[in-house]
Amino acid sequence: MERQKKEKIEFDYELLRLRIRARYKSESNFAKAIGVNKSYLSRKLHNQIEITSYEVVTWSRLLDIPESLIGSFFFTPKSTNGKDKANA
């Protein structure tokens with residue numbers, strides 16, 4: 001049986017970034033609060049490293065994101081309306 005290759009889905013974290021800045025004033029401050037360095041957080045927010053389910057729960061609590069809005073902050077697919085590098 002042949003395995004199908006999974007397509008990588010990229011998510012739009014702009015709303016999450018805005019919430020981080022609103023609550024922690026900077027991504028660096030938030031990175032310190034969650035115990036990682038700024039570049040590691042940046043790689044997650046740029047879809048280079050996946051955000052784990054544990055991180056979704058933990059970050060949501062720290063950022064006061066209601067359960068009903070988690071999807072909007074963490075699982076909105078990136079738009080392909082010409083902004084992406086592949087369409088440039």
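What percentage of the contacts in the chain between residues at least 6 apart in sequence join residues at least 24 apart? The share is 57%, where contact means heavy atoms within 4.5 Å.

A word on the ground rules before we look around. This is a predicted model, in which local features need pLDDT of at least 70 and side-chain atom pairs count only at pLDDT 80 or more, while totals for chains, interfaces and linings use all residues. Residues are numbered from 1 along each chain as its sequence is written, and side-chain values use heavy atoms, with hydrogens and water left out.

**Overall layout**

The chain has five helices and zero strands, giving the order α-α-α-α-α from the N terminus on. Helices (H or I, at least four residues) and strands (E, at least two) are DSSP runs, numbered from the N terminus. Of the 88 residues, 28% count as buried, meaning under 20% relative accessible area with a 1.4 Å probe, protein chains only. The chain exposes about 6,700 Å², and carbon and sulfur atoms supply 51% of that area; the areas come from the Shrake-Rupley method with a 1.4 Å probe.

**Two helix pairs**

Here axes are lines fitted to C-alpha atoms over the stretch in contact, with angles from 0 to 180 degrees between N-to-C directions.

| Pair | Axis distance | Angle | Residues of the contact |
|---|---|---|---|
| H1 and H2 | 8 Å apart | about 85° | four nonpolar, one polar, three charged |
| H2 and H3 | within 9 Å | roughly 105° | five nonpolar, one polar, two charged |

H2 and H3 are therefore roughly perpendicular to each other, a label that covers 65 to 115 degrees. On the H2 side, Glu27, Ser28, Phe30, Ala31 and Ile34 make the contact, and H3 brings Lys38, Leu41 and Leu45. Towards H1, H2 uses Glu27, Asn29, Phe30 and Ala33, which meet Arg17, Ile20, Arg21 and Tyr24. In the table, Ala, Val, Leu, Ile, Met, Phe, Trp, Tyr, Cys and Pro count as nonpolar, Asp, Glu, Lys and Arg as charged, and the others, Gly among them, as polar.

**The core**

The largest nonpolar core has 16 residues, and those touching the most other members are Leu16, Leu45, Ile51, Trp59, Leu63, Ile65 and Phe74. Such a core is a set of buried Ala, Val, Leu, Ile, Met, Phe, Trp, Tyr and Cys residues joined through side-chain atoms within 4.5 Å. At least two of its residues come from each of H1 (14-24), H2 (27-34), H3 (38-45), H4 (53-62) and H5 (70-74), with H5 supplying the largest share, three residues. Leaving aside residues up to four places away in sequence, Ile65 touches Leu16, Arg19, Ser60, Ile70, Phe73 and Phe74.

Definitions and conventions
Buried < 20%, exposed > 50% of the residue type's maximum accessible area, 1.4 Å probe, protein only. Parallel < 35°, antiparallel > 145°, perpendicular 65-115°, else oblique.
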